[in-house]
Amino acid sequence: MAPTRSGDRNAGKRRTRVHVVSDVHGNARDLARAGEGADALICLGDLVLFLDYADHSRGIFPDLFGRENADRIVELRTARRFEEAREFGARLWAGIGMDRAAAIEKAVRKQYAELFAAFPSPTYATYGNVDMPPLWKEYAHPGTTVLDGQRVEIGGWTFGFVGGGLRTPMRTPYEISDDEYAAKVEAVGEVDVLCSHIPPEVPELVYDTVARRFERGSRALLAAIRRTKPRYALFGHVHQPLTRRMRIGATECVNVGHFAGTGRPWALEW
């Protein structure tokens, strides 16, 4: 649990507690309990499980093509042989004679129905890079507020949300240009807590020690943190980061964890 600062404007008032999750990747069972004891749940995206890199038998890809093919595509991606991985995937899709977009959307809809039903009320959520934003409005119930490039007040603090990821050779569903991402960061402005799916561009925060590669972080987020000095910057995306927590000036930067693996939310109280 994060420490409470002395001199906060909420001193003497009832304390507020939020739980924060990211990279849910299909873990609906633990998500249903993630808000227990909190005034609100914050979700930083990646609800969908396309392929579990720790267990290749889980996810949309192995459901369609089997464990052996999942092993192979993970091998290619881990070796950063992305073009070969795309060609391999294309051959698999051609072999089963299914419309790729329709098959993926059907599987994602099934996961979203279960995951959004597990969200407590209130939940504040933004998209991850593997999510499909156009579908969210169909599944978000009245207690779930979806924010992207927007702000909301919780317990007297202002929270800003920036969803999605930046473009990579992986070509996941919600990757956008650096300029589009920076515009959303700018729209959020000065906040107490800056919430995003991806980390700021700091080597220790973007390096995955198991995948042995640098994921993409945002220079726009890093610049905003240095300029506006939020109390906290919260994010996920990197499942096994070299560093989970560090300070950038006055801001505490926290990778809230790989919820699919831990089943535990990160808690913030003030």
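Where pLDDT is low, the predicted coordinates should not be read in detail. The protein chain as a whole averages a pLDDT of 93, with 96% of the residues scoring at least 70.

Residues are numbered from 1 along each chain as its sequence is written. Because the model is predicted, local features need pLDDT of at least 70 and side-chain atom pairs count only at pLDDT 80 or more, while totals for chains, interfaces and linings use all residues; side-chain values use heavy atoms, without hydrogens and water.

Consider next helix α7, residues 178-188. Helices (H or I, at least four residues) and strands (E, at least two) are DSSP runs, numbered from the N terminus. Tyr-181, Lys-184, Val-185 and Val-188 are buried in α7, where buried means under 20% relative accessible area and exposed over 50%, with partly exposed in between (1.4 Å probe, protein chains only). Seen down the helix axis, these buried residues fall within an arc of 100 degrees, taken from the directions from the axis to the C-beta atoms, so they line one face of α7. An α-helix has 3.6 residues a turn, so residues three or four places apart point the same way. Asp-179 and Glu-186, on the other side of α7, are exposed. The partners against which the buried residues of α7 pack include β5 (150-154), β6 (157-162) and α9 (219-228). After α7 comes Gly-189, which has a positive phi near 70 degrees.

Note on methods. pLDDT is the predictor's confidence in each residue, from 0 to 100. Contact means heavy atoms within 4.5 Å.
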